[in-house]
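Could you walk me through a fold, from its outline to its core and its surface? Let us open the model and take it one feature at a time.

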Amino acid sequence: MVINNKRKIFLVFLILSLGLGLAIFFGPSLSPLRNHVGDMAAVMVMFSLLALFIKRTAAIVIITLSLAVGLEVFQLSAIIQRHTVLSDLVFGQTFDPIDLVVYALTVLALAVLHARLSKSPTLAQ
């Protein structure tokens, strides 16, 4: 796999997103801010990972939103009885409809960025 400039930018974005997400998850508890910024970081990680392998912005958007909404709806099922740090990090704890708005806005911003980078003559490849 050849990593071009656009993919390098998304790889850096992915690493920064992971760092931000971990800092927020394990950092001081500013509950509302922590939860929503953590949701944004999780969506950034998903989008960035997909952007490394998929070129079409629309496909990345559909897959990212499907995964994020699917995981959020999964929280309604109460299948996970015993919460651990790992299960909370991967699946979350409780369903929150505001999270769906956060996912949509984050993916929209990333889609615009991805589309612009894809069309940029210096970053396209």
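This is a predicted model: local features need pLDDT of at least 70, side-chain atom pairs count only at pLDDT 80 or more; totals for chains, interfaces and linings use all residues.

Q: How many of the 125 residues count as buried, as a percentage?
A: Burial is read from relative accessible area, with under 20% taken as buried. In this protein chain 32% of the 125 residues fall in that class. The accessible surface comes to about 7,800 Å², and 73% of that belongs to carbon and sulfur atoms.

Q: Which residues have the most contacts inside the largest nonpolar core?
A: A core is a set of buried nonpolar residues joined through side-chain atoms. The largest one here has 15 residues, and those with the most contacts inside it are Phe10, Val43, Phe47, Ile60, Val61, Ala68 and Val107. Two or more residues come from each of α2 (31-53), α3 (57-74) and α5. The most come from α2, which gives six.

Q: What is Val61 in contact with, beyond its neighbours within four places in sequence?
A: Val61 touches Phe47, Val107 and Ala111.

Q: Is Leu105 buried or exposed, and why?
A: Leu105 is exposed, because its relative accessible area is 54% and the cut-off for exposed is over 50%. Leu105 lies in helix α5 (residues 97-119). Together with Val101, Leu108 and Val112, Leu105 forms a nonpolar surface patch with about 370 Å² of accessible area.

Note on methods: Residues are numbered from 1 along each chain as its sequence is written. Side-chain values use heavy atoms; hydrogens and water are left out. Patches are made of residues with over 30% relative accessible area and no salt bridge: like charges are joined within 9 Å, nonpolar side chains (Val, Leu, Ile, Met, Phe, Trp, Tyr) within 5 Å. Accessible areas come from the Shrake-Rupley method with a 1.4 Å probe; for residues, only the protein chains shown count as cover. A salt bridge is a side-chain nitrogen of Lys or Arg within 4 Å of a carboxyl oxygen of Asp or Glu. Helices (H or I, at least four residues) and strands (E, at least two) are DSSP runs, numbered from the N terminus. Buried means under 20% relative accessible area, exposed over 50%, partly exposed in between (1.4 Å probe, protein chains only). A nonpolar core is a set of buried Ala, Val, Leu, Ile, Met, Phe, Trp, Tyr and Cys residues joined through side-chain atoms within 4.5 Å. Contact means heavy atoms within 4.5 Å.
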